[in-house]
Amino acid sequence: MHETDMTKALILTVKDWWEAQPEQPKVSRVHLTVGKCTCVEPVSLQFAFEVQTRNTFLEGAELAIAETLLIAFCHRCQAEYAPEIGLQYACPQCQSPMEDIRSGRELKIDRIEYSVATADAVNSDPANAAIA
């Protein structure tokens, strides 16, 4: 289950960004783009994220995964096609082997949703007002 190691790398990347912010924001959602040809199981990634973020700065944050299709380009036919993973990788028109993958191998952080507590927000929160 390499999703565990991928999730650790994801958390470290987000943590580097989080620590570089002037005020550490509350992260609500991390958006990932995951290609169909990455051999990553989104369900396993979700589970690993949930387990590994407990009691961390990401606790409660959601992991939103958008999968991208495997798209290849055939130079002979000058056309894109969608190979069937595990079944058919050659160009459906000329049977040339797949040589130019245009999408489907992505594994990247697309964006992070977060909020930063403002002075007004802190003062309007009864829990924070009791501390002040």
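I count a contact wherever heavy atoms lie within 4.5 Å. I am reading a predicted model, where local features need pLDDT of at least 70, side-chain atom pairs count only at pLDDT 80 or more, and totals for chains, interfaces and linings use all residues. Residues are numbered from 1 along each chain as its sequence is written, and side-chain values use heavy atoms, with hydrogens and water left out.

**Whole chain.** I looked up contacts with a separation of 6 or more, and 68% of them join residues 24 or more positions apart. I then found four helices and six strands, taken as DSSP runs (H or I, at least four residues, for helices; E, at least two, for strands) numbered from the N terminus. Their order along the sequence is α-β-α-β-β-β-β-β-α-α.

**Core.** Next I checked the largest nonpolar core, which has 16 residues; such a core is a set of buried Ala, Val, Leu, Ile, Met, Phe, Trp, Tyr and Cys residues joined through side-chain atoms within 4.5 Å. Buried means under 20% relative accessible area, with a 1.4 Å probe and protein chains only. L10, V14, V27, V30, F49, L58 and L63 touch the most other members. I noted that α1 (3-20), β1 (26-35) and α2 (42-52) each give two or more residues to this core. Setting aside neighbours within four places in sequence, I saw L10 in contact with V30, L32, F49, L63 and I109.

**Helix pair.** Where do α1 and α2 meet? I listed E3, T4, M6, T7, K8, L10 and I11 in α1 against S44, L45, A48, F49 and Q52 in α2.

Notes
Buried means under 20% relative accessible area, exposed over 50%, partly exposed in between (1.4 Å probe, protein chains only).
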